[in-house]
Amino acid sequence: MRKTFKSALCIAALLCTSLAHSAEIELKLAHSWPKGFPIFGTSVDEYASLVEELSDGRIAIKVDSRNKHKAAFGIFDFVKSGQYDIGQSASYYYGGKDPDTLFFTTMPFGMTALEQYAWFHQGGGLELANEVYAKHGIEVMTGGNTTMQMGGWFSKEIGSVADLEGLKMRIPGFGGKVMAGVGAVPTNIPAGELFQALERGTIDALEWVGPSLDLRMGFHKVAPYYYTGWHEPSTELMYFFNKKTMDSLPTWARSVLLNAAKLTGFNMTVQSQHESSVNWGLITTEYPNIEVRDFPADVIEALRESNNALLKVEAARSEMASRIIKSQADYLDTTRAWTLIGDQAYLNNIGK
Ligand code: CA
């Protein structure tokens with residue numbers, strides 16, 4: 001972070017002209033995506049613009065994509081160390097840094113986007129996330145949701161659990177652990193390398209997002225079976241803030257940074273819904289070779305059993321993990337009962 005104080009420096013008259021357009025607070029931000037990557041990356045550019053606008057130009061944010069910093073999964077370390085003041089990424093990429101970060105993106109068989117936002121902002125979820133990240137000198141805020149993700153792209157149909165045995169699949173987070181529990185071999189690969197990995201056979205299958213982002217990646221050319229979702233019902237991206245930077249800022253600046261993140265999150269979520277709707281509409285006309293499938297019921301049951309067993313192991317691992325899992329399970333019970341009698345009954349009633 002660099003703070004400049006124009007009024008003081010302007011005593012030296014020569015400096016005034018060059019600083020006339022510089023901000024009082026200059027911050028650096030790193031995100032996980034290629035430069036200008038649709039929705040995920042562009043929403044960060046919009047965040048920087050929004051912060052500048054809401055602060056009337058007093059805060060400037062320099063955004064670096066992975067093209068610049070070269071470390072798609074390095075955001076946690078960048079912000080922890082203070083190399084960057086702000087980061088935007090997915091919390092579940094950092095399970096190797098702290099396993100408790102895995103819970104704050106989305107969970108297999110877990111909450112939908114609206115349910116999870118209610119948990120984050122009304123049900124204590126964000127407080128739990130901040131408790132985990134505070135140990136690393138990081139403060140977090142929700143940053144935008146993909147809404148429901150598809151189950152991924154497969155070169156062959158999945159007819160039974162046996163078909164998952166030894167299957168090399170790009171699937172990060174808790175979903176990857178669940179897949180490992182039924183015999184698959186999960187791995188994580190950055191967005192910019194996904195197609196190549198699938199085409200070269202480094203992986204047999206992958207999940208990325210959904211119609212909002214998947215179709216333009218060309219995965220269907222290699223793996224035409226497109227499965228519906230179970231593992232990421234509500235993938236939330238997150239803004240990470242270096243705590244020392246945040247603590248050194250005036251209240252108004254902190255408020256702008258956090259509230260702009262929240263608002264950017266709303267905008268990104270709405271854009272995800274829009275882009276998935278529009279792109280899904282093109283499936284039959286533009287992509288007739290894609291075969292949409294649901295996983296067989298016994299595969300879903302095996303995945304659910306693997307998920308339940310893993311949650312038990314995780315809850316026993318640490319007191320923090322146990323509290324997060326209980327908080328999510330209790331909140332899901334409460335909010336899902338309403339979703340079923342609200343949204344689901346409505347959809348059933350009207351028949352389409
Ligand atoms: Ca995904």
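Asn-242 is found in strand S11, strands being DSSP runs of E with at least two residues and helices runs of H or I with at least four, numbered from the N terminus. The model is a predicted one, in which local features need pLDDT of at least 70 and side-chain atom pairs count only at pLDDT 80 or more, while totals for chains, interfaces and linings use all residues. Residues are numbered from 1 along each chain as its sequence is written, and side-chain values use heavy atoms, with hydrogens and water left out.

Asn-242 counts as buried because its relative accessibility is 8% (buried: under 20% relative accessible area, 1.4 Å probe, protein chains only). Leaving aside neighbours within four places in sequence, Asn-242 is in contact with Val-79, Lys-80, Ser-81, Gly-82, Tyr-84, Asp-85 and Gly-137 (contact: heavy atoms within 4.5 Å).

In helix H7 (residues 125-134), the buried residues are Gly-125, Leu-126, Leu-128, Ala-129, Val-132 and Tyr-133. Seen down the axis of H7, these fall within an arc of 160°, so they line one face of the helix; the arc is that of the directions from the helix axis to the C-beta atoms.

Elsewhere, helix H3 (residues 42-54) packs with helix H12 (residues 251-280) at an angle of about 135°, their axes 9 Å apart. Axes are lines fitted to C-alpha atoms, for helices over the stretch in contact, and angles run from 0 to 180 degrees between N-to-C directions. H3 is therefore oblique to H12 (under 35 degrees counts as roughly parallel, over 145 as roughly antiparallel, 65 to 115 as roughly perpendicular and the rest as oblique).

Key. Buried < 20%, exposed > 50% of the residue type's maximum accessible area, 1.4 Å probe, protein only.
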